[in-house]
Amino acid sequence: MLAAVLVAIILPAPVYAITAASGEPASLRNEAGDGAASDQQAVNRELELFRGSVVSLSQAMAIAEALHAGATTADVSFDGASESPVYRIKTLHNDRIWQHAIDATTGKIVGGEAALPLRALDAEDRSNLVALKTIRHRLADAVRVAEQAAAGKAISGGLIREHGRLNFAIVVMSGSDLKEVILEPPGAARRR
């Protein structure tokens, strides 16, 4: 009940926030089931790197958005598999998706940036990103709400469409658990 009140105060109008505990983020789950021990070791290593990261997911998003005035984050995830742990961020600006890697230790941009025109995406992705441009709340708002609701630190976030509704899906590390928080942005229900 307290979490619902906090969510209502922080972000007035999300239709719902659902948290679900999971042993690992969806992007790290082993769907096939083979190599479970080595997969679990890789997941544990990545989560340990995340726990030790100096730069938060919110800070990394702000760094990427500052590269293009008016950009908004569409997707962000922690990647501990590369040489140095980074946040992989996709921002939307001027009908392009910009891809960036932000070092999780220093906050510096790693490598170059890549841009992809929206027209190169499939229809569902394009539709989601067009809807993102029209809603008032941003992924950064959803991350703040999710971190408070799940009492933890966000490791990834992005847009998903469930049952015809556009939602923000945020994975939060809370203690040793991973929780997925789903938030429907105000006004998103009208943009199906």
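This is a predicted model: local features need pLDDT of at least 70, side-chain atom pairs count only at pLDDT 80 or more; totals for chains, interfaces and linings use all residues.
The expected span of a helix is 1.5 Å times one less than its number of residues.

**Helix H2.** I checked the length first. H2 has 16 residues and reaches 22 Å from first C-alpha to last, close to the 22 Å expected. Next I looked up burial. Val-43, Glu-46, Leu-47 and Phe-50 are buried in H2. Seen down the helix axis, the buried residues fall within an arc of 100°, so they line one face of H2. An α-helix has 3.6 residues a turn, so residues three or four places apart point the same way. Ala-37 and Gln-41 are exposed on the other side of H2. I then asked what the buried residues of H2 pack against. The list is E2, E3, E6, E7 and E8.

**Aromatic pairs.** I searched the whole structure and found two. Phe-50 and Phe-78 have ring centres 5.2 Å apart and planes at 75°, so I logged the pair as edge-to-face. Phe-50 lies in H2 (residues 36–51) and Phe-78 in strand E2 (residues 72–79), so this pair ties together parts that are 28 residues apart in sequence. Phe-78 also pairs edge-to-face with Tyr-87, at 5.5 Å centre to centre and 70° between the planes. I noted Phe-50, Phe-78 and Tyr-87 as one aromatic cluster.

Phe-50 is buried. Phe-78 counts as buried at 7% relative accessibility. Tyr-87 counts as buried at 0%.

**Charge over a ring.** Last, I looked at Lys-153. Its charged end sits over the ring of Phe-50, 4.8 Å from the ring centre.

Conventions. Residues are numbered from 1 along each chain as its sequence is written. Side-chain values use heavy atoms; hydrogens and water are left out. Rings of Phe, Tyr and Trp (its six-membered ring) pair if their centres lie within 6.5 Å; planes under 30 degrees apart count as stacked, over 60 as edge-to-face and the rest as tilted. Helices (H or I, at least four residues) and strands (E, at least two) are DSSP runs, numbered from the N terminus. Buried means under 20% relative accessible area, exposed over 50%, partly exposed in between (1.4 Å probe, protein chains only). A charge sits over a ring if NZ of Lys or CZ of Arg is within 6 Å of the ring centre and within 35 degrees of the ring normal. The arc is that of the directions from the helix axis to the C-beta atoms. Contact means heavy atoms within 4.5 Å.
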